[in-house]
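Visitor: Hi, I'm new to this one. Could you bring it up on the screen and walk me through it?

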Amino acid sequence: MKNLKLHILAITTIGILAFGCKDATQEKDSENKKVEPKTEIQEADKSISLELADPENIKTRVSAILLNPTSNSNVSGEIEFTEKIGQVLMVAKFKGLKPGTHAIHLHETADCSSKDGKSSGGHWNPTNEPHGKWGDSKGYHKGDIGNFEVNEDGTATVRFETSEWCIDCDDMEKNIIGRAVVVHQGGDDFTSQPSGDAGTRVGCAEITNYQIK
């Protein structure tokens with residue numbers, strides 16, 4: 001009987017020692033496998049990489065066109081539209097204009113075939129708003145770019161940037177392909193309907209092509 005008790009005691013002691021060793025091993029493994037906390041920079045990098053992975057966010061669309069004279073003017077120029085990450089930038093360089101204030105608009109049709117430029121139609125206005133200054137709370141056309149000043153030598157540079165345009169996208173309220181750029185003899189008064197009483201169309205350019213970089 002005494003031997004049986006000693007045997008049971010020995011087995012119990014071995015079990016306790018084995019369990020204790022197992023716990024110590026698990027604790028050591030846990031220390032060796034510490035998980036580093038994510039930093040704000042890591043989270044931000046992940047967010048940025050996901051955004052840039054979207055092909056629509058990294059395409060650059062470019063449309064370069066020439067301004068042709070209308071109404072017996074001597075106007076010429078180059079206009080470039082660049083779209084990147086949802087923003088379209090227009091950079092236009094003109095020469096041959098009379099010094100002073102001139103209006104520039106997008107018109108509804110890429111057709112500059114008529115001598116007076118009227119084949120390009122009226123202002124591009126896909127949302128049926130009244131004519132006005134860009135950003136006016138009372139309304140404005142998607143083609144209401146506005147006025148610019150011409151130097152004494154007849155030259156001018158116009159820069160205009162907006163997220164309300166796109167180059168060959170599926171949104172017909174934003175897509176500028178198929179429109180025309182029209183430069184007027186005078187300035188836009190931003191009140192006369194439907195086009196601001198800017199006078200004769202002295203230059204016209206068709207937006208009909210683009211390339212992706």
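Visitor: Let me start with two cysteines: are C112 and C204 buried or exposed?

Guide: Both C112 and C204 are buried, where buried means under 20% relative accessible area, exposed over 50% and partly exposed in between, with a 1.4 Å probe and protein chains only. Before we go on, please keep in mind that this is a predicted model, in which local features need pLDDT of at least 70 and side-chain atom pairs count only at pLDDT 80 or more, while totals for chains, interfaces and linings use all residues. Residues are numbered from 1 along each chain as its sequence is written, and side-chain values use heavy atoms, with hydrogens and water left out.

Visitor: Okay, and what joins C112 to C204?

Guide: A disulfide does, with an S to S distance of 1.9 Å; the term stands for a pair of cysteine sulfur atoms within 2.5 Å. This pair links distant parts of the chain, 92 residues apart, since C112 sits in the loop between β4 and β5 (146-150) and C204 in strand β8 (residues 201-206). Strands here are DSSP runs of E with at least two residues, numbered from the N terminus. The link of C112 and C204 is left-handed, with -70 degrees about the S-S bond.

Visitor: How many disulfides does the count come to?

Guide: The count comes to 2 disulfides, and the other link joins C166 to C169, with 1.8 Å from S to S. Counting bonded cysteines along the chain, the pattern is 1-4, 2-3.

Visitor: Why is the disulfide of C166 and C169 called left-handed?

Guide: The torsion about the S-S bond of C166 and C169 is about -50 degrees, so the disulfide is left-handed. Of its two ends, C166 is buried, with a relative accessible area of 3%, whereas C169 is partly exposed at 23%.

Visitor: Switching topic: which residues lie nearest the centre of the largest pocket?

Guide: They are H107, H123, H184, S195 and R201, and the lining has 16 residues. A pocket, on a 1 Å grid over the protein atoms alone, is an open set of points where a 1.4 Å probe fits, with protein on both sides within 12 Å along at least five of seven lines, and lining residues have an atom within 4 Å of a point. The lining divides into 2 nonpolar, 10 polar and 4 charged residues.

Visitor: And where is H107 found?

Guide: H107 is in strand β4 (residues 100-107), and H107 counts as buried because its relative accessible area is 1%. A polar atom of the H107 side chain lies 3.4 Å from the backbone oxygen of G122.

Visitor: One more, then: is I176 buried or exposed?

Guide: I176 counts as buried because its relative accessibility is 0%, and I176 is found in the loop between β6 (156-162) and β7 (180-184). Leaving aside neighbours within four places in sequence, the contacts of I176 include F81, W124 and C166.

Notes. Ala, Val, Leu, Ile, Met, Phe, Trp, Tyr, Cys and Pro count as nonpolar, Asp, Glu, Lys and Arg as charged, and the others, Gly among them, as polar. Helices (H or I, at least four residues) and strands (E, at least two) are DSSP runs, numbered from the N terminus. A polar contact is a pair of N or O atoms within 3.5 Å; within protein, one must be able to donate a hydrogen and the other to accept it, and residues adjacent in sequence count only if both atoms are side-chain atoms. Contact means heavy atoms within 4.5 Å.
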